[in-house]
Amino acid sequence: MSNVSDIPTPLALLPRAQAGDEQAMNQLLTGIVPYVARLCRSITHDDGADATQEALLAVYRGLRTLREPTAFYGWVRSVTVREAVRTLKRAGEEGPYQRVEPGQETNPLDAVHISDVLDRLSMSHRQVLTLRAYGLNEEEMARVLSLPVGTVRSRLHRARLRFREAWQPSAA
């Protein structure tokens, strides 16, 4: 009889998957699908399935390059966000990043207001705010967006200002 504790964790599967064990690779990818899919849906909305598939393929292709096993989830997040943004760009979507998953909401209407304010921002401002909400730093955002770090920093600064300006009237 199989026990839940008998199921290997992704970190336990990682060395075997990196060594070429196909069963370990399949289990590893299956184990991260919910995480990857949630990130992709939050960024791409309608193209979430395509982005998830692209992200999993990128993880599969790049797994052998991962040198630090403890960085696995951060690496998967970076790969996933990058692939979701690429999928969005290929689709020519103009309205990405509408939903930010807030940590703890005190008022359920805040999510509606946040989404409304984000909708009124430019795509470049929504991008940097959303990537920041997912925990990416300026250097990671620069890699994902293929921009210089200085550009990302200035966009992030302006995006925060625009967000605050747009939020003020709805906060009353």
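Which residues form one aromatic cluster? I looked this up in a predicted model. Tyr 35, Phe 72 and Tyr 73 are the members.

**Overall fold**

I began with the secondary structure. I found eight helices and zero strands. Along the sequence I read the pattern as α-α-α-α-α-α-α-α.

Next I checked burial. The protein has 172 residues, and 39% of them count as buried.

Then I turned to contacts. I took those between residues at least 6 apart in sequence; 65% of them join residues at least 24 apart.

**Aromatic pairs**

I went back to the rings. The structure holds two aromatic pairs. One of them is Tyr 35 with Tyr 73, an edge-to-face pair at 6.1 Å centre to centre, with 85° between the planes. I placed Tyr 35 in helix 2 (residues 22-44) and Tyr 73 in helix 4 (residues 72-91). They sit 38 residues apart, so this pair links distant parts of the chain.

I also looked at Phe 72 and Tyr 73. Their ring centres are 5.2 Å apart. Their planes meet at 75°, which is over the 60 degrees needed, so I logged this pair as edge-to-face.

Which of them are buried, and which partly exposed? I checked each residue in turn. Phe 72 has 0% relative accessibility, so it counts as buried. Tyr 35 comes out at 23% relative accessible area; buried means under 20%, so Tyr 35 is partly exposed. Tyr 73, at 37% relative accessibility, also counts as partly exposed.

Terms used
Residues are numbered from 1 along each chain as its sequence is written. This is a predicted model: local features need pLDDT of at least 70, side-chain atom pairs count only at pLDDT 80 or more; totals for chains, interfaces and linings use all residues. Side-chain values use heavy atoms; hydrogens and water are left out. Helices (H or I, at least four residues) and strands (E, at least two) are DSSP runs, numbered from the N terminus. Buried means under 20% relative accessible area, exposed over 50%, partly exposed in between (1.4 Å probe, protein chains only). Contact means heavy atoms within 4.5 Å. Rings of Phe, Tyr and Trp (its six-membered ring) pair if their centres lie within 6.5 Å; planes under 30 degrees apart count as stacked, over 60 as edge-to-face and the rest as tilted.
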